[in-house]
Amino acid sequence: MIVFLVGESSVSYTSSDIKTQKVKYARILGFSQRHAMVKLGFIGAGKMAYALIKSIQRSGLEASITASARTDERLRYIRNDANVNITKDNKEVVRSSDIVFLCVKPKDIGNVLGEIKGIITNNHIVVSIAAGITLSYLESKLKGKKVVRAMPNIPCMVNAMAAGYSAGR
């Protein structure tokens, strides 16, 4: 089981093919400090991504975070305020991450998935927060990869988030 703890809230990923590496991530995200730093990537650095990043940072989780955005202005803001690695290259986010959060508008999700699908490996976990994008759509674009659909909300900024989630196959 993979558990994403954000403040006092959690998102779980359960699969019948749990491997040691996934369990390691669960321990890391469950705030066990016995393992190496977790690498998180955010494709899209809007309000919800920013809220998640800040909540993760406040939680005390030791994480390396890389975020991408389309505009230099947003990249500068997220780097200066959240102190994360930044890039305009979505593939760089994937390459530098174990868990990739897709935080783009629904109209952009198809293009983003097309761009990154060739470098998503079986070791990645892809978490989409894009409204209205189904697990079956994500699975059809990222064939055989681990996907999670989550619906967080802004109260994560004050560690009071409730999130709906569903794991893929």
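Tyrosine 50 counts as buried because its relative accessibility is 11%; buried means under 20% relative accessible area, exposed over 50% and partly exposed in between, with a 1.4 Å probe and protein chains only. The model is predicted, so local features need pLDDT of at least 70 and side-chain atom pairs count only at pLDDT 80 or more, while totals for chains, interfaces and linings use all residues. Residues are numbered from 1 along each chain as its sequence is written, and side-chain values use heavy atoms, with hydrogens and water left out.

Rings of Phe, Tyr and Trp (its six-membered ring) pair if their centres lie within 6.5 Å; planes under 30 degrees apart count as stacked, over 60 as edge-to-face and the rest as tilted. By this rule there are two aromatic pairs. The rings of phenylalanine 42 and phenylalanine 101 are stacked, because their centres are 4.6 Å apart and their planes stand at 5°. Phenylalanine 42 belongs to strand β3 (residues 38-43) and phenylalanine 101 to strand β6 (residues 99-102), so the pair ties together parts 59 residues apart in sequence. Helices (H or I, at least four residues) and strands (E, at least two) are DSSP runs, numbered from the N terminus. Both phenylalanine 42 and phenylalanine 101 are buried.

The rings of tyrosine 50 and tyrosine 77 have centres 5.6 Å apart and planes at 45°, so this pair is tilted. It links distant parts of the chain, with tyrosine 50 in helix α2 and tyrosine 77 in helix α3, 27 residues apart. Tyrosine 77 counts as partly exposed, because its relative accessibility is 38%.

Helix α3 spans residues 72-82, and its buried residues are Leu75, Ile78 and Ala82. Seen down the axis of α3, these buried residues fall within an arc of 75°, so they line one face of the helix; the arc is that of the directions from the helix axis to the C-beta atoms. Glu73 and Asn80 are exposed, on the face of α3 turned away from its buried side. The cover over the buried residues of α3 includes α2, β4 (63-68) and β5 (85-87), where contact means heavy atoms within 4.5 Å. Just after α3, asparagine 83 takes a positive phi of about 55°.

The lining of the largest pocket divides into 12 nonpolar, six polar and seven charged residues. Ala, Val, Leu, Ile, Met, Phe, Trp, Tyr, Cys and Pro count as nonpolar, Asp, Glu, Lys and Arg as charged, and the others, Gly among them, as polar.
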